[in-house]
Amino acid sequence: LYTIEDIEKNIINDKKRYDIYKLIFKSLGFNRNPGTEEKRIMDIWIDKYNMDIEVILEACSKSKNTTNPSISYINGIIERYKKNNVRTLDDINKLEEEFN
């Protein structure tokens, strides 16, 4: 970061990322900030896998069937989506239809 503009862009990007973390955690029913490892995993979903937030939130909704939802549990679902080239909610529905 060399200029004020760079710093401002960085702050905006950090806030956007924090808002995404917060949304994911809220959907899981967590009332706390994510830890370093949890952020790292969510960053992979967002940056490396280019998962759309709707797909991530749908994966989070699958945690309602568990007593202790966790980022690790959701990561397993996201990994399955990645393996099956899931990009949209329609892709999730197709995958679930094939599974059933």
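**Overall picture**

Modeller: Buried residues make up 28% of the 100 residues in the protein chain, where buried means under 20% relative accessible area, exposed means over 50% and partly exposed lies in between, with a 1.4 Å probe and protein chains only. This is a predicted model, in which local features need pLDDT of at least 70 and side-chain atom pairs count only at pLDDT 80 or more, while totals for chains, interfaces and linings use all residues. Residues are numbered from 1 along each chain as its sequence is written, and side-chain values use heavy atoms, with hydrogens and water left out.

Biologist: How many helices and strands does the chain have?
Modeller: The chain has five helices and zero strands, counting DSSP runs of H or I with at least four residues as helices and runs of E with at least two as strands, numbered from the N terminus. The C-alpha atoms fill a box of roughly 55 × 30 × 20 Å along the principal axes.

Biologist: And what share of the contacts joins residues at least 24 apart?
Modeller: Among contacts between residues at least 6 apart in sequence, 56% join residues at least 24 apart, a contact being heavy atoms within 4.5 Å.

Biologist: Which residues touch the most other members of the largest nonpolar core?
Modeller: Of its 23 residues, those are Ile24, Trp45, Ile56, Ile71, Ile74, Ile78 and Tyr81; a nonpolar core here is a set of buried Ala, Val, Leu, Ile, Met, Phe, Trp, Tyr and Cys residues joined through side-chain atoms within 4.5 Å. Two or more residues of this core come from each of α1 (4-28), α2 (36-48), α3 (53-61), α4 (71-83) and α5 (89-99), and α4 gives the most, with five residues.

Biologist: Take Ile74, then: what does isoleucine 74 touch?
Modeller: Leaving out residues up to four places away in sequence, Ile74 touches Leu28, Trp45, Ala59, Cys60 and Ser63.

Biologist: What about leucine 23, where is that one found?
Modeller: Leucine 23 is found in helix α1, and it counts as partly exposed because its relative accessible area is 38%. With residues up to four places away not counted, leucine 23 touches Ile53 and Leu57, and the C-alpha atoms of leucine 23 and leucine 57, which are 34 residues apart along the chain, are separated by 8.4 Å.

Biologist: Switching to pockets, how much space lies in the largest one?
Modeller: The largest pocket holds about 160 Å³. A pocket, on a 1 Å grid over the protein atoms alone, is an open set of points where a 1.4 Å probe fits, with protein on both sides within 12 Å along at least five of seven lines, and lining residues have an atom within 4 Å of a point.

Biologist: Which residues line the largest pocket?
Modeller: The lining consists of Lys62, Asn65, Tyr73, Ile77, Arg80, Tyr81, Ile92, Leu95, Glu96, Phe99 and Asn100. The elements that give two or more residues to this lining are α4 and α5.

Biologist: Is asparagine 50 buried or exposed?
Modeller: Asparagine 50 counts as exposed because its relative accessibility is 53%, and asparagine 85 is exposed as well, with a relative accessible area of 61%.

Conventions
Grid points are joined across faces, edges and corners, and a volume is the space filled by probe spheres set on the points.
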